[in-house]
Amino acid sequence: MDHILSILTFLPLAVGLGCFVAPDKAASGLALVGSLVTLALSWTLWGSYDPSGAEFQLTETIPWIPDLGIHYAVGIDGISLLLILLTTVLTPVIILSATPAVHERLNQYLGWMMVLESAMIGTFVALDTFLFYVFWELMLIPMYFLIGIWGGERRIYATIKFFIYTMLGSLLMLVAVLGLYFIYAEQNNGQYSALLVDLYKLDVPYNVQLWLFAAFALAFAIKVPMWPLHTWLPDAHFEAPTGGSVVLAGVLLKMGTYGFVRYAMPLFPEAAVAFAPAMGALAVIGIVYGALVAMVQDDIKKLVAYSSVSHMGYVMLGLFALNAQGVTGAVYQMLGHGLATGALFLLVGVLYERRHTKAIAEYGGLAKVVPVFAFVFMLVTFASVGLPGLNGFIGEFLILLGSFERSPVLTIFAASGVILGAIYMLWMFQRVMFGPLTNDKNKALQDLTTRELVYLSPILVLIVLMGVFPQPFLEVMQPSVERVVLRLAEATPSVPPTASLFDPSAAAAVEAGSR
Amino acid sequence: MSPNLLPLVPGLPLLGAVVNAVLGPRVPRPVTGAIATLAVAASAVLSFMTLASFMGGGHGDEHHAVEPLTYTLYTWMQVGGFKADIGFLADPLSAVMMCVITGIGSLIHLYSSAYMDDAKDERSVWRFFSYLNLFVFAMLLLVMGDNFLLMFVGWEGVGVCSYLLIGFWFSDTANAVAGKKAFVTNRVGDFMFILGLFWLYWSLGDKATMNFAELQQVIAANPALVGGVGGLVVTGVCMLFFGGATGKSAQIPLYVWLPDAMAGPTPVSALIHAATMVTAGIYMICRLNFLYVMSPMAMGLVALTGALTAFFAATIAITQNDIKKVLAYSTVSQLGFMFLGVGIGAFTAGFFHVLTHAFFKALMFLGSGSIIHALHHEQDMRRMGGLRKYMPVTFWTFTAGYLAIIGFPLTSGFFSKDEILWLTFITPPERVALFGEWVNVAGICYGLALVTALLTAFYMSRLYFLTFFGEYRGGQAHDDHGHDAHSHDAHGHGHHDDHGHGHTPHESPWPITVPLIVLAVLSLFGGFLNTPHWFPVGAHEVLHHFFAPVFGASEKALGDFNWPMVADYTTAALTRSTGQELFFMSVTLILIGFSVGIAWVVYGNKKATDHGVQLDYIATESDRVYQGSLNKWYIDELYDAVILTPTRLISRHVLWAVVDAQLIDGLVNWCGKAAQGLAQGYGRIFQTGRVQAYALGVAVGTFLIVFVYSIG
């Protein structure tokens, strides 16, 4: 199929629009079939993508606004391939989990979810900065409604906060996108291009790189979220419906780290190298801070949200290790975190549906009443704490291994997160699952239903599979990661960033291009 | 044995774990136990076959003809220059360990099938056996992994199984807390372990490898990579690895989890927390002997920590009243002896003690389990006494373990402990130069070890006399049944089922007594595996020769100082040294005899008393030292006050409540309000509150900017 990526991108959109006009029952069938077809199609990419081949494959490049050099350009490399698969695996899971849980306007819920899948895949396949920006912004809208309509009591506060944070980042990114666009024109005799392959070839002056990197980095860092830009996340998770939390933790946070590895780092390699110590330090603060705050949460969802801050800190640390182990580990951790945290939110959702509370104190001793749930919960908990043999370990280990080369001191602090992770996860697990069964409301708790087992099982299988046989996944992304690392290795910043940030020639370069 | 069979050794217990997990409560309990026991027994057969394949070389022959067996299943991960395989290594060291794990493991599985029989919650027995098999699998990975990473998989894997089994009766919060404490404390060790791993990896540059055999070659060829003998890298790395060992093998400062781990079912205490998992740290140092011998400072740290732990744990063991707690602190203490052994470079002696300790400590835990089982989950020694009459098999087998641990002549513990003591005495200070030339660490270690040996004889005698001698004190005074929730092993069990209290204790059934008898024989005669050179009978230093392919090079590298058994030691020196050794041994034995005598006077043959509680005639309840020891010198409280509580308080009241909620969110909310205020001035046209409109605005704005610029 020549247009496989376009089909993958727009099929969910079409399905989503269909859901809006269909009645609930038909919509859930439609969404499920649609997401499963998307899943099946996405797995064909595994066969058609050649890891040893060109950087971007299955590309389609069609002029969109020819005069402005803006294209509809899509394509994948090993990194985006894996993230697309993560998206297409999680979507049917979310669709399945929604049907009994969402009581109002189910068809619209599913519709927004499918539109979101479209936007997410689009973001991963886009190879034109403007196209990327469009998909990036498009993701916001479904998420806004998912939290705003189906969320908890303070959902309006949470959505506005989420929206303001993200818009702030997006606007800065837009400025940077435009800046880059004009620099290209300046260096290419007034020819415009927003194509990533063209922009990769640019030789952006160092001080300009610093500014543009900073703008991109801010947008992406909010999305990750990096400390101290993380406070929208616990609120968004707390208020979001289960499916919203799953997609938020599972895929949307990865947009930030993906943005770094696809845009900010390869486009501005010197700036990336120059900012690496600062980014690494912020990442480590996030790891430790997120873990410490997660430890003292009284609500399961907030705990998992703060654990995401910690886990995504690992991803950032790995990326800014700037070596093969670190970046590979970071991508693996994106997948690992997506699966494990996605599953955690699903499990919290299962509890919430039965008891309508997420407060840890309301539970205790559940393992006796719901043994199957306990087993699944435990497996996911262990994946989350990075137990060897499960997927979380591979990413965490490679990240720490990589970052040790760059900074042993940062790695020591980062590795302490491994201890803290065990503390907050196992403490939560203990308070929910172990001890005497004191709360009468929990005595007749229903164990996992077949439906719940069905939608959890693909995640559980992947958690084990990716822990025991990581090599096929590592091989697929290896050449793509190495390209990024090589680009960074060739970059040697001449002066520290603070010295040249305020060099007036930066503005001049952009201005020159804009004329 | 064909190396192709190696994966089956850990594979079979894994299969057993999976089968039991899948079948679950659908099969009867005896079948569950049989599946688990057979899986480990089959693995034991293969392990002994592996061991047998290394037993060809003659004595005195430093290097056996048999090469290590290796088998690589597949490449686990390979990134950049980093590679780790799922590959197995069987050499004399791992082969012995495999036999210990699967051999004692089979016995304990058999024992468990009877011990877990009275579990009230029938549905949970399969879970127990599934975890127990999983533990054996993980432990075998730890031992058989041919690279650091696979070892680490096992290392953390046994931690998880330990967590699951300590908290097996999870309905009691105390058990769950003990499990979590074990896991988290171990994670602190693991944290140091991986840092050591990273440091070692990156210091090797392009020769970096995770494989033990390759690593040994790389370092032998390029010692400068790790800084050479006494270098910073090798010292740091070895200390970090040892930090990992202090977690897994319960040494100062991370030993605190092991006594609490006694909350698990007693067979678990015997297998995991006495015979196998807790010796992983010693095994790891033995495996990395070629690194440790390069760093006298790290060796000194290992030896001194071991000696200090041995002594410290013994000072706690002397006042504990819970039979399992005494055994737990005794385990911590004995592990200290093992670290002392490997720390002074006596790898064979240290590992020999791993072996003999596995026999006698597993035996005594199983014996205590037999008692606990018979007394319906009574663990307080103050309510035991006189049990030799009621439980003869348990009594006689326990006697074998008791004699071995106090070092009664010719028992297994006698040979292994005496070797460590003697070798510590003759260790030159520069080998364990933790503090340079300033402090004679070896001397301190010897002093501590000797005192510990006396304390051991005392507290083990106390346990032995209180339990088996005098009269049975359990039939009465149940009103003051002061159960310490932490020590209680019984939850989920039928506490008051068919017998009720005040009955006469009775001997346990055969699946319990048979393992006791086998282990008793090993405890009594296991020492003949490796008798000293001067000893008239037995296999002279056979273990030493057997391990020569693993330790030989390191022992040679230790240089100007030779152990008596190294071939080039002169006969005259050997004779002189032997005389000294025998003299010191005699003195030690006499002192141990005194210890036992004192214990007999204080605790032996006491009649049942009405109060039945105050049996510590040696000290009063108000005595500060007594209270200190009884309360474990308040170390748990100290950790709680210094580390745990402040962390929790700062996280909640500073990080979360101030930094997150006030500083960051305060700023965000302020921005929101400011923007709102600004917008109100501009009128409400653009403030429709509809996100689509905003998004549309953004999109339109984007294109407008592009458009304007492209014209301009």
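Helices, as the word is used in these legends, are DSSP runs (H or I) of at least four residues, numbered from the N terminus. The model shown in every view is predicted.

**View 1. Helix 19 of chain B and the glycine that follows it.** Just after helix 19 of chain B, B:Gly470 adopts a positive phi of about 70 degrees. The helix itself covers residues 441-468, and its 28 residues should span 40 Å at 1.5 Å a residue, which agrees with the 39 Å that separates its end C-alpha atoms.

View 2. B:Phe337 belongs to helix 14 of chain B, which runs over residues 323-343, and is buried because 28 other C-beta atoms lie within 10 Å, where 20 or more are required. Leaving aside residues up to four places away in sequence, B:Phe337 touches B:Gly306, B:Ala310, B:His353, B:Lys417, B:Ile420 and B:Ala449. B:Ser586, 249 residues apart from B:Phe337 in sequence, is 19 Å apart from it in space, C-alpha to C-alpha.

**View 3. Packing of helix 6 against helix 8 in chain A.** Helix 6 (residues 155-187) and helix 8 (residues 206-223) of chain A pack at an angle of about 150 degrees, with 8 Å between their axes; since angles over 145 degrees count as roughly antiparallel, the two helices are therefore described in that way. Their crossing is left-handed. Residues of helix 6 including A:Gly169, A:Met173 and A:Leu180 meet residues of helix 8, among them A:Leu212, A:Phe216 and A:Lys223. The residues of this contact divide into 14 nonpolar, four polar and one charged.

Key: Residues numbered from 1 in each chain as written. Chains lettered and ligands numbered in written order. Predicted model: local features only at pLDDT ≥ 70, side-chain atom pairs only at ≥ 80, totals over all residues. Buried ≥ 20, exposed ≤ 12 C-beta atoms within 10 Å, placed from the backbone. Contact = placed C-beta atoms within 7 Å. Expected span 1.5 Å × (residues − 1). Axes fitted to C-alpha atoms, helices over the stretch in contact; angles between N-to-C directions. Parallel < 35°, antiparallel > 145°, perpendicular 65-115°, else oblique. Left-handed = near helix turned anticlockwise from the far one by under 90°. Nonpolar A, V, L, I, M, F, W, Y, C, P; charged D, E, K, R; others polar.
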